[in-house]
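Biologist: Please show me the model, and then we can go through its side-chain contacts by question and answer.

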Amino acid sequence: MHHYIKQNINLLKVYFLGVILLSVFRLIYFIRFAEAGTFSEYSGDVFIAFFKGFRYDTQILCYLLALVFTLNFLFLLKNQKVKTILTKFTKGYLLCIYLLMCFFIIVDHQFYTYFQSHLNILAFGFIDDDTSAVLSSMWSDHPVIIVFITVLALGYLVYKIINKIYADSTKEKTAVNTIKGLAFMLLIIIGFGLGVRGSIGTFPLKLEDAVVSENRFINTMALNGIYTFEKAIEERSKAGKTVHRSEILEKTGYSSLKEILADYSGKRVEDFPSENELDYLIERTDTNSFLAENPPNVIFILMESFGGYYLNFQSKELNLLGSLEPHLKEDILFKDFLSSTQGTIYSLEHIFINKNFPVISGTNRRFESFKSSVAYPYLQAGYQTTFVSGGKISWRNLEEFLSYQYFQKVYGQTKIMKNNSKAKTNTWGVYDEYLFDDIFNQLEQNNTKPQLICALTTTNHTPYELPFTYKPYSIKISDSINNLIIANKELAEANFKAYQYSNDCLGRFLTKLKASKYADNTIVAVTGDHNSYALFPINNSSLEEKDNHIVPFYLYIPKKYQNNLIVNQNRIGSHKDIFPTLINLSLSNKAYFSLGDNLFSNKPDSLFYGVNEKYYLGHPTFPRDQLNRKVNARRILSEYYFAIP
C-alpha cells in the first residue's frame with residue numbers, strides 16, 4: 001500500500017508539472033497574440049480564462065496520465081522486480097508524452113500565427129494536401145530549428161524533474177494502515193474521475209464552455225491545442241461514417257423533411273405535399289429566347305486567400321490590386337460577401353456541389369455523381385464543362401471527384417505545363433499568370449460550344465514564391481497598418497506581394513479578355529476560397545466578426561446580358577449564391593439545384609444573407625429568429641440531401 005500511495009503522490013507531482021508547463025504556454029500565448037489593452041480592459045475575463053484553462057489542462061493531463069494511473073495499482077503487489085520494471089516504464093512513458101505535449105502546444109502556437117485558431121481539422125492538410133509543399137511552407141514560415149531546440153531543451157528539463165520525482169520510489173518502506181490506505185485509494189480514484197470530467201456539475205467540460213468573455217481572443221485562451229486537436233480527430237472520424245436520412249431527422253429534432261423545408265423557406269408545412277426534397281430544392285430559370293440563342297461563356301475563378309479585408313488598405317503606397325483595380329471599379333463587386341469555410345477544399349465542395357462539411361472528396365463517395373453539381377445544368381444545356389487547377393490535380397482527389405460531377409475536362413499543373421513550355425512552377429503549382437493564359441487558350445481552342453470554365457489559383461499561398469520576372473507595385477506598410485499586423489514585417493511584405501501578384505494576374509487577364517472578341521459573350525465571376533489569416537488578428541476587437549470571413553465577389557457581365565438586372569452591390573451574400581446567380585444570368589429554362597439566392601433577383605434586399613461555417617450575416621431588418629431557423633434548416637437540408645436514403 002505504501003508503494004501504491006507513493007506512486008500516486010509521484011503522479012500528482014507529475015500532474016502539477018504538466019499544469020505548470022501548460023500554464024506557462026498559455027501565458028506565452030497571451031503575451032504573443034493578445035492585442036494591446038486586452039488585460040486592462042478585460043482583466044476579470046482573463047483570470048477566468050486562465051482558471052477555465054486549468055480545467056481543460058487537467059482534463060487533458062488526466063487522459064494522458066490514465067495509463068500510469070491504472071498501472072499504479074500493480075504496486076499493490078509484493079513483487080519487487082515488477083515494481084522496478086513499472087517504474088522504469090513509467091519514467092520513459094512520462095518523458096515521451098510530455099515531450100509530445102510540449103511539441104503539440106508549440107505547433108499549436110505556430111498554427112495560430114497563420115490560421116488564427118487552435119489546431120483544428122485544417123491541420124490534417126499536412127496529410128491530405130501536398131505534404132512536400134506543406135513542409136516547404138512550414139520551413140519558410142516558421143522557426144523550425146528554434147522549435148526543435150526548444151522541444152529538446154524542455155525535454156531535458158522534464159527528464160531531470162521526472163528522474164528527481166521517481167528517485168528511490170521502489171525501496172521498501174513501513175506498512176500503512178489498511179483503512180487509511182483504502183481511504184486514500186478512494187480519494188485518488190474520485191479525484192482522477194473528476195479530473196477526466198473536468199467538472200463537478202451535471203455535464204463534463206465541453207468545447208463550448210470556453211466562452212467566458214465578449215472578447216473573442218480571450219475565449220480562445222482557455223483551450224489548448226491538444227484538446228482542440230482531439231476534437232478535430234473526432235470531427236474527421238465522423239466524416240467517413242455513413243449517415244442515413246432518418247438519423248438526420250432524429251438528431252436535429254425534426255419529425256419530417258417538410259418541417260425543415262418550412263423553416264428554410266418561411267412557409268407552412270402544408271405547402272410541401274411531397275416528401276421528395278428535390279421537388280423543392282430544384283429551381284428553374286426563366287425562359288429567355290436571347291439566352292437560348294446566345295448562350296454566354298461562363299468563367300468562374302476561385303482565388304486562393306482572396307480576402308476582402310485587405311481591400312480596405314489599397315492605396316498607391318500599398319498597392320494590393322495592381323491591374324485589377326480599374327476592373328473592380330468598372331464592374332460589379334459585392335463586398336458584404338462571406339466565404340463558406342476557412343479551408344480551400346471545404347469551400348470548393350460547398351460551391352460546386354452544395355455540400356457542407358464533412359467533405360466527400362476524400363471518401364469513396366467521390367465516385368458518385370450528384371445532381372446538385374453546378375456543372376450539371378450547363379452540361380444539360382450543351383456546354384463544354386472544364387475545371388482547371390494551377391496545382392496538382394491529384395490534390396484532394398480533385399481529378400476523380402470532379403470528373404464524376406459532370407466536368408468533362410479536369411486537369412491541372414501537368415497539362416498546363418505541357419500546353420505551355422514557358423510555364424514555371426513554385427511549391428504549390430504553376431504561377432497564376434500561366435493558369436490565366438490557359439483559361440484564355442481554352443476559349444480560343446474550344447469555340448464550337450459555349451463553355452463553363454472553373455479554375456482554382458494557387459500562388460497566393462505560403463511560402464509566397466513569385467516568379468523572378470515579376471516587378472511588384474509599391475508595397476509600403478504604414479505605421480498604422482503595421483500596428484494592426486501580428487506577423488513580422490518580412491512575412492507581411494511577402495504576403496502583400498503575393499496577394500498583389502495574384503490580383504494583378506487576374507487584372508491582366510480581364511484586360512486581355514475585354515479587348516478580345518470574347519468580351520461580348522463571356523461572363524467572369526471571381527471570389528476567394530477564404531480570407532487570408534496570416535497578418536491580421538481575427539480574434540481581436542480591431543476587426544468586426546464579418547471581417548474574418550469576408551471575400552470579394554466580382555462579376556464582369558457584358559452589357560447585352562445585363563438587361564433587366566436588379567443590381568444592388570450592397571446585397572449580402574456568400575458562396576451559396578454564386579451559381580444561382582450565374583445560372584440565371586446564362587441559362588434559359590433550365591432546372592438547377594439551389595440552396596442559395598440569385599443576387600440579381602427581385603427578392604427584397606432585406607432577405608439576402610450570407611453563411612460561413614462559423615458565422616452568418618443577415619440584413620439588419622431580417623428578423624433574427626427567422627434567420628436562425630433559415631440558416632439551421634439550410635445546413636440540415638444539405639446534410640439530408642447527401643445522406644443515404
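Biologist: Is D597 buried or exposed?
Modeller: This is a predicted model, in which local features need pLDDT of at least 70 and side-chain atom pairs count only at pLDDT 80 or more, while totals for chains, interfaces and linings use all residues. Residues are numbered from 1 along each chain as its sequence is written, and side-chain values use heavy atoms, with hydrogens and water left out. Buried means under 20% relative accessible area, exposed over 50% and partly exposed in between, with a 1.4 Å probe and protein chains only. D597 has a relative accessibility of 13%, so D597 is buried.

Biologist: Which side chain meets D597 in a salt bridge?
Modeller: A salt bridge here is a side-chain nitrogen of Lys or Arg within 4 Å of a carboxyl oxygen of Asp or Glu. For D597 the N to O distance is 2.9 Å, and the partner is K603.

Biologist: Where do R635 and E639 lie, and how far apart are their N and O atoms in the salt bridge?
Modeller: Both residues lie in helix α24 (residues 624–642), 4 residues apart, about one turn of the helix. Helices (H or I, at least four residues) and strands (E, at least two) are DSSP runs, numbered from the N terminus. R635 is partly exposed at 34% relative accessible area, whereas E639 counts as buried at 19%. The salt bridge between R635 and E639 has an N to O distance of 3.0 Å.

Biologist: Which residues do salt bridges with shared partners join into one network?
Modeller: The structure holds 17 salt bridges. Those that share partners join one network, made of K576, D577, D597 and K603.

Biologist: Over which ring does the charged end of K576 sit?
Modeller: A charge sits over a ring if NZ of Lys or CZ of Arg is within 6 Å of the ring centre and within 35 degrees of the ring normal. The charged end of K576 is 3.8 Å from the ring centre, and the ring is that of Y609.

Biologist: What is the plane angle of the F290 and Y561 rings?
Modeller: A search of the whole structure finds 42 aromatic pairs. Rings of Phe, Tyr and Trp (its six-membered ring) pair if their centres lie within 6.5 Å; planes under 30 degrees apart count as stacked, over 60 as edge-to-face and the rest as tilted. The centres of F290 and Y561 are 5.3 Å apart and the pair is tilted, because the planes are at 55 degrees.

Biologist: What kind of pair do F300 and F579 form?
Modeller: Both F300 and F579 are buried. Their ring centres are 5.4 Å apart and their planes are at 70 degrees, so the pair is edge-to-face.
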